[in-house]
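Please have a look at the structure below before reading on.

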Amino acid sequence: MFVEFFYDLRKAGMPISPTAFLRLQKVLYMGLVGGLDDFYVVARTLMVKSERYFDVYDRVFAKYFHGLEREDEFEKELEATLRALLEEWLRDPKEIAEMLGIDPDSLPKLSPEELVRYFLERLREQTERHDGGNRWIGTGGTSPVGHSGFHPGGMRVGGGSGGKSAVKVALERRYRDYTQDSRLTMSQVGEALRRLKHLVPVGPRDQVNVKETIRETVKNAGEIEIVFDPRLRDRLKVILLIDNGGWSMDPYVEVVQTLFNYARAQFKDLKIFFYHNCIYERVWEDPQRLYKPFPVVEFSRMDPESRLIFVGDAAMAPEELEHPRGCIYYNERQTKPGIDQLRFLAHSFRHSAWFNPMVRYAPDFSYGPYTTQRIATLFRMFALSLEGLERAGTHLLSKN
Amino acid sequence: MRETRREFTGTSTYVVDPELAKIVNVSIALEMPLLLKGEPGTGKTLLAYAVAENLGLPLIVLNVKSSMKAIEALYQYDTLTRLNDSRFGDSGRDVSNIRNYIRMGKIGQAFTSDFRVVLLIDEIDKADSDFQDDLLDVLDQMSFDLIEIDETIRAKNRPVVIVTSNAKKDLSDPFLGRCNFHHIAFPSPEFMRRIVEAHFPEVENRVADACIETFYRLRSLSHIEKKPATRELINWIRALRLDPTFQVRLLERGKELPFLGILFKKSADYLQAQQAPVAVR
């Protein structure tokens with residue numbers, strides 16, 4: 001029963017195992033499901049294992065059991081989408097213009113209302129041409145609005161659903177805010193980097209080493225000799241180098257700040273330095289890059305077991321990276337090109353990673369600006385996303 | 001087990017929405033662990049207490065700690081005591097019987113209990129993912145091996161297992177596959193009203209309304225790192241009711257926001273909430 005529903009869910013990208021589906025059959029057989037409302041809840045608890053998929057589930061459910069969604073629901077959906085679009089428009093007019101096929105120069109002339117009207121018309125065309133066109137918005141990943149993962153209305157409140165039909169409840173899409181695109185929060189960063197630990201035995205010896213105790217006791221002719229070991233403690237040293245200069249890093253201030261806050265709260269031995277675009281003779285301990293210069297050669301005196309982490313877009317003019325006098329600040333003393341300094345750092349530390357906020361999904365950085373490619377040969381690069389953080393965590397702890 | 005097929009319906013202080021009640025009942029019927037996620041303070045842990053109370057079953061709580069190994073949750077073999085006994089031999093225990101030195105952990109206790117119990121595995125995300133993986137088969141088969149005496153402990157009565165997790169990140173896939181899943185969404189204001197009434201049966205309407213409305217407004221402030229949840233609201237109302245100088249009038253007008261520290265635990269959040277305009281009417 002409901003085999004098609006199962007395949008619809010899978011088609012929508014939900015990882016549901018056949019076992020879970022069979023379990024649903026068992027529940028149906030046991031007579032535990034008393035109607036569509038029950039089915040909605042029970043099927044979800046059995047088959048959907050993360051709140052991030054609740055929204056997809058709601059959509060598939062509504063479609064399967066309701067045929068096409070009602071027009072007014074669709075309108076409501078549009079409204080939310082439009083608000084998000086407006087936000088996006090204010091932030092990046094060019095991209096939106098391209099997406100809608102408007103000349104970017106004429107864009108500033110459109111008032112927000114006009115833009116919305118224009119967008120609506122486009123969207124109607126879209127819905128008429130493809131059947132099931134609401135997916136065009138709904139799937140999030142492909143529409144210009146879904147990309148942003150931004151919800152101007154803030155978190156919607158879920159909760160009780162007394163008295164409403166299951167389809168209605170599903171249509172409410174209470175779990176929209178839990179979908180996968182949401183922004184990085186500190187706790188997510190924490191989750192991703194939790195694995196970053198370097199456990200070494202330190203501190204007071206307060207843990208019994210059974211094996212050694214027995215050996216010593218035997219040696220002692222049966223007179224008990226208890227051997228204690230120190231506990232394993234986290235002694236990870238982290239050096240964080242943040243590119244905080246110039247407008248190219250501006251859009252990422254928030255996400256970098258989140259990472260930064262997390263790092264400060266989490267790592268006991270953390271050194272933070274700032275730079276702009278590329279590394280030359282010195283980096284700075286103060287974010288203004290004015291008062292506290294720190295010579296790069298000094299890095300060679302730090303523990304080579306420290307984890308060196310860069311955060312930056314690695315995008316700059318090629319001469320900034322490769323010319324011995326390429327620094328954009330004329331008063332910066334410079335004896336060798338930035339790439340040499342970076343190479344020096346890469347060789348000084350066994351474990352390093354580079355977070356690049358520019359690329360959101362790419363697992364490899366074999367494309368992108370020339371300088372990014374060059375730097376990626378020295379440091380493994382990771383996207384500044386939850387997934388990227390997780391991969392980097394594994395990479396930073398690998399043995400070699 | 002027809003006799004235990006009593007339905008979970010919530011308790012006097014734990015108001016449960018029908019959706020969650022259904023999920024709990026299905027999990028009990030299927031004898032599968034129920035994994036609960038949701039914002040901190042929305043009653044994940046309390047649900048286990050409520051289920052135990054409602055069904056009249058004893059509750060065994062396993063508070064997961066960050067350094068915990070799965071084996072600790074099952075049983076512990078106390079080598080030191082045995083060594084000590086073998087040296088001095090004055091404890092009255094039979095040293096040659098390893099059984100005397102095996103102590104059951106929380107999961108072991110739940111399995112060996114003569115009654116059906118509710119087993120709460122609280123905040124499983126705190127431990128490494130190895131912990132979940134090691135518990136997989138234990139929870140699936142409801143049995144584990146005592147390596148030292150080569151014996152299998154099988155659950156006499158399959159316990160009702162409730163697992164909670166605060167993590168935003170998902171648990172490991174194989175573990176998820178063996179659980180039922182529910183995410184406790186934040187209650188709507190109407191539902192919150194019922195929760196408040198369950199906790200404070202004699203609260204005045206006006207106070208409850210003002211508190212709940214202010215609470216939801218404070219929650220909706222943007223850039224709050226740790227949003228206050230049900231737990232904070234209940235504590236806040238409790239504090240307000242204990243304060244003889246509290247005037248609901250001032251709260252309604254947004255003139256005064258007493259005891260903000262109960263709602264906001266991070267200083268940045270606190271400061272932001274203080275400056276927020278939150279007049280009810």
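A crossing of two helices is left-handed if the near helix is turned anticlockwise from the far one by less than a right angle, and right-handed if clockwise. This is a predicted model, where local features need pLDDT of at least 70, side-chain atom pairs count only at pLDDT 80 or more, and totals for chains, interfaces and linings use all residues. Residues are numbered from 1 along each chain as its sequence is written, while chains are lettered from A and ligands numbered from 1 in the order in which they are written.

**A helix pair**
- Helix H2 (residues 18-29) and helix H3 (residues 36-47) of chain A cross right-handed; helices (H or I, at least four residues) and strands (E, at least two) are DSSP runs, numbered from the N terminus.
- Residues of H2(A) including A:Phe21 and A:Leu24 meet residues of H3(A), among them A:Val42 and A:Leu46 (contact: C-beta atoms, placed from the backbone, within 7 Å).

**An enclosed strand**
- Strand E3 (residues 237-243) of chain A has 6 of its 7 residues buried, so it is largely enclosed by the rest of the structure (buried: 20 or more other C-beta atoms within 10 Å of its own).
- E3(A) runs parallel to strand E4 (residues 269-275) of chain A, with 7 bridges joining them.
- In that pairing, A:Lys237 has A:Asp269 as its bridge partner.
- Another 5 bridges join E3(A) to the parallel strand E7 (residues 307-311) of chain A, where A:Phe310 stands opposite A:Leu241.

Terms used. Buried ≥ 20, exposed ≤ 12 C-beta atoms within 10 Å, placed from the backbone. Pairing = 2+ DSSP bridges. Axes fitted to C-alpha atoms, helices over the stretch in contact; angles between N-to-C directions. Contact = placed C-beta atoms within 7 Å.
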